[in-house]
Amino acid sequence: MCEDLKILKQGAEAKLYICNYLGKPTLIKERFEKKYRQPELDVVITKERIKNEARAIVRCKAADVKTPALYLVDFERRRIYMQHFVHSVTVKDFIINFFTKHQQNGSGDSPNSLNKIAILIGQTVRKLHEHNIIHGDLTTSNMLLVNNNSNSDDSWLDVDNVELVMIDFGLSSFDTSAEDKGVDLYVLERALISTHNDYPEIFSKILKAYKSYSKNNVKEIIGKFEEVRARGRKRTMVG
């Protein structure tokens, strides 16, 4: 059923495999058994995270947010089978590669490319929140740029020819509260500060696109975000 199975990556929470499943390029996410947890509790937590991921992927379709297509959920083996984007790169790697190229020889995309990516991120996160989807782990590692032209391995560098795909919804939830949406934005801001300090203006551009995309409840969400940010700074100062 699954041909040419190969391990792609091993993270803290799961192993990722790639294979051909029913003739389609497929990514399998297999969650680890956590030995430090009581076994019954581990089963419950793992099952809940797999359910969260599957539910979020389905809901994202209604929100017009691109995610991998869902092929199969196997609770017994702790696996989700989903679409594998062969021609893709994480937003994290795109930004790092952008600055590496410019530092080495001044080549690569124009800064406008980064601005376009920031706008895409802001609009996409806003779509999630408009449909009460809280991602729970918004980082540039959990966003893919997918090449729309499968005939060229390099055309993903042209940001006019890519789609933004959201991945890894294991910590997602569904909530109407402005507080949770504010926390989602704060998680993203902290992730950007720690990973992309060579592009300090990225979050302000994302936030501008987020606010511009829809005015629905946006003042309350931004207000909650600023409250969460202030609490985070206070904790940092106090230590």
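**View A. Strand 8 pairs with strand 9 in this predicted model.** Strand 8 covers residues 143-147. Five bridges join strand 8 to strand 9, and the two run antiparallel. Asn147 stands opposite Val162 in strand 9. Both strands belong to an open sheet of three strands, ordered 6-8-9, with antiparallel pairing. Strand 6 (88-90) and strand 9 (162-166) are at the edges. Each has a single partner strand, so one side of each is left without a neighbour in the sheet. On average, neighbouring strands of this sheet are turned by 30° against each other, direction ignored.

**View B. Helix 3 lies across strand 8 and strand 9.** Helix 3 is formed by residues 111-130. The helix runs at about 40° to strand 9. Asn132 is not a glycine, yet its phi is positive, at about 60°. With a relative accessible area of 23%, Asn132 is partly exposed.

**View C. Helix 3 packs against helix 4.** Helix 4 spans residues 178-195. The axes are 11 Å apart, and the packing angle is about 155°. That makes helix 3 roughly antiparallel to helix 4. The crossing is right-handed. From helix 3, the residues at the contact are Ile121, Val125 and His129. They meet Lys181, Asp184, Leu185 and Leu188 in helix 4. By class, the contact of helix 3 with helix 4 has four nonpolar, one polar and two charged residues.

**View D. Helix 3 crosses helix 5.** Helix 5 consists of residues 202-213. The two axes come within 7 Å and cross at roughly 45°. That makes helix 3 oblique to helix 5. Helix 3 passes helix 5 in a right-handed crossing. Helix 3 contributes Asn115, Ala118, Ile119, Ile121, Gly122, Gln123, Val125, Arg126, Lys127 and His129 to the contact. Helix 5 contributes Ile202, Lys205, Ile206, Ala209, Tyr210 and Tyr213. The residues of this contact divide into nine nonpolar, four polar and three charged. Ile121, Val125 and His129 of helix 3 take part here and also meet helix 4.

**View E. Asn217 sits in the loop between helix 5 and helix 6.** Helix 6 comprises residues 218-238. Phi of Asn217 is near 65°, a positive value in a residue other than glycine. Asn217 is partly exposed, with a relative accessible area of 32%.

**View F. An open sheet of five strands has the order 1-2-3-5-4.** Its pairing is antiparallel. Strand 1 and strand 4 (70-74) stand at the edges. Each has a single partner strand, so one side of each is left without a neighbour in the sheet. Neighbouring strands of this sheet are turned by 20° against each other on average, direction ignored.

**View G. A hairpin joins strand 1 to strand 2.** Strand 1 takes in residues 2-10, and strand 2 takes in residues 14-21. The strands pair in the antiparallel sense over six bridges. Gln10 stands opposite Lys15 in strand 2.

**View H. Strand 2 and strand 3 form a hairpin.** Two residues lie between these strands. Leu22, in the turn, has a positive phi of about 55°. Strand 3 holds residues 24-31, and its antiparallel pairing with strand 2 extends over eight bridges. Cys19 has Thr26 in strand 3 as its bridge partner.

**View I. Strand 3 pairs with strand 5.** Strand 5 is made of residues 79-83. Five bridges link the two strands in the antiparallel sense. Glu30 stands opposite Arg79 in strand 5.

**View J. Helix 1 lies across strand 3, strand 4 and strand 5.** The helix runs at about 145° to strand 3. Val58 lies in helix 1, which covers residues 39-62. Val58 has 55% relative accessibility and so counts as exposed. Val58 and Ser214 are 156 residues apart in sequence. In space they are 22 Å apart, C-alpha to C-alpha.

Definitions and conventions. Residues are numbered from 1 along each chain as its sequence is written. This is a predicted model: local features need pLDDT of at least 70, side-chain atom pairs count only at pLDDT 80 or more; totals for chains, interfaces and linings use all residues. Side-chain values use heavy atoms; hydrogens and water are left out. Two strands pair if DSSP finds at least two bridges between them. Helices (H or I, at least four residues) and strands (E, at least two) are DSSP runs, numbered from the N terminus. Axes are lines fitted to C-alpha atoms, for helices over the stretch in contact, and angles run from 0 to 180 degrees between N-to-C directions. Contact means heavy atoms within 4.5 Å. Buried means under 20% relative accessible area, exposed over 50%, partly exposed in between (1.4 Å probe, protein chains only). Angles under 35 degrees count as roughly parallel, over 145 as roughly antiparallel, 65 to 115 as roughly perpendicular and the rest as oblique. A crossing is left-handed if the near helix is turned anticlockwise from the far one by less than a right angle, and right-handed if clockwise. Ala, Val, Leu, Ile, Met, Phe, Trp, Tyr, Cys and Pro count as nonpolar, Asp, Glu, Lys and Arg as charged, and the others, Gly among them, as polar.
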